[in-house]
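User: I would like to learn how to read strands, disulfides and salt bridges in a model. Can we take them in turn?

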Amino acid sequence: QVQLVESGGGLVQAGGSLRLSCAASGNIFSINNMGWYRQAPGKQRELVATITSDRRTNYTDSVKGRFTISRDNAKKTVYLQMNSLKPEDTAVYYCNADVILYGARYLEVWGRGTLVTVSS
């Protein structure tokens with residue numbers, strides 16, 4: 001069984017910072033793309049940022065210059081540093097990973113989410 005566990009969410013004032021972490025565990029041989037998505041109340045889940053195994057990154061326009069995604073392959077962990085937070089960043093943030101299991105089986109895995117609330 002493979003799990004992604006997020007941490008680091010919470011309540012912060014506008015202009016503040018938070019760092020999210022997501023650790024993968026289980027019978028994992030390697031991890032390809034990892035990413036963060038978010039879902040605000042009443043809205044569809046949207047991509048925030050992704051990072052490949054060789055650390056190429058991609059961001060949605062609304063977070064460029066404010067958020068930074070990174071990963072530690074040895075720890076099977078992806079991070080999201082969020083600076084200059086805005087009330088519109090309020091959402092549940094979900095971690096996502098494309099996992100290769102021992103035996104060459106591919107699996108897309110989602111975390112359960114962590115709530116980020118930005119007050120004005």
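Analyst: Start with pairing. Two strands pair if DSSP finds at least two bridges between them. Keep in mind that this is a predicted model. Now a case: threonine 68 stands opposite glutamine 81 in E8.

User: Over how many bridges do E7 and strand E8 pair, and in which sense?

Analyst: Six bridges join E7 to strand E8, which covers residues 77–82. The sense is antiparallel.

User: In what order do the four strands of the open sheet lie?

Analyst: Read across the sheet: E1-E3-E8-E7. The pairing is antiparallel.

User: Which strands stand at the edges?

Analyst: Look for strands with a single partner. Strand E1 (3–7) and strand E7 (67–72) each have just one, so one side of each lacks a neighbour in the sheet. As for the angle, neighbouring strands of this sheet are turned by 15° against each other on average, direction ignored.

User: Next, disulfides. How many does a search of the whole structure find?

Analyst: The test is a pair of cysteine sulfur atoms within 2.5 Å. The search of the whole structure finds one disulfide. Cysteine 22 and cysteine 95 form it, with sulfur atoms 2.1 Å apart.

User: Is the link of cysteine 22 and cysteine 95 left-handed or right-handed?

Analyst: Check the angle about the S-S bond. Here it is -85°, and the link is left-handed.

User: Which parts does the pair tie together?

Analyst: Cysteine 22 sits in strand E3 (residues 18–25) and cysteine 95 in strand E9 (residues 91–101), so the link ties parts 73 residues apart in sequence.

User: Now salt bridges. How many are there by the rule?

Analyst: The rule asks for a side-chain nitrogen of Lys or Arg within 4 Å of a carboxyl oxygen of Asp or Glu. The count comes to five.

User: Which residues are linked in a network of salt bridges?

Analyst: Arg38, Glu46, Arg66 and Asp89. Walk along it pair by pair. Glutamate 46 meets arginine 38 at 2.7 Å, N to O. Arginine 38 also meets aspartate 89, at 3.0 Å, N to O. That pair links distant parts of the chain: arginine 38 is in strand E4 (residues 28–39), aspartate 89 in the loop between E8 and E9, 51 residues apart.

User: Where does arginine 66 come in?

Analyst: Aspartate 89 meets arginine 66 at 2.8 Å, N to O. Arginine 66 lies in the loop between strand E6 (57–59) and E7, and aspartate 89 in the loop between E8 and E9, so this pair ties parts 23 residues apart in sequence.

Technical notes. Residues are numbered from 1 along each chain as its sequence is written. This is a predicted model: local features need pLDDT of at least 70, side-chain atom pairs count only at pLDDT 80 or more; totals for chains, interfaces and linings use all residues. Side-chain values use heavy atoms; hydrogens and water are left out. Helices (H or I, at least four residues) and strands (E, at least two) are DSSP runs, numbered from the N terminus. Axes are lines fitted to C-alpha atoms, for helices over the stretch in contact, and angles run from 0 to 180 degrees between N-to-C directions.
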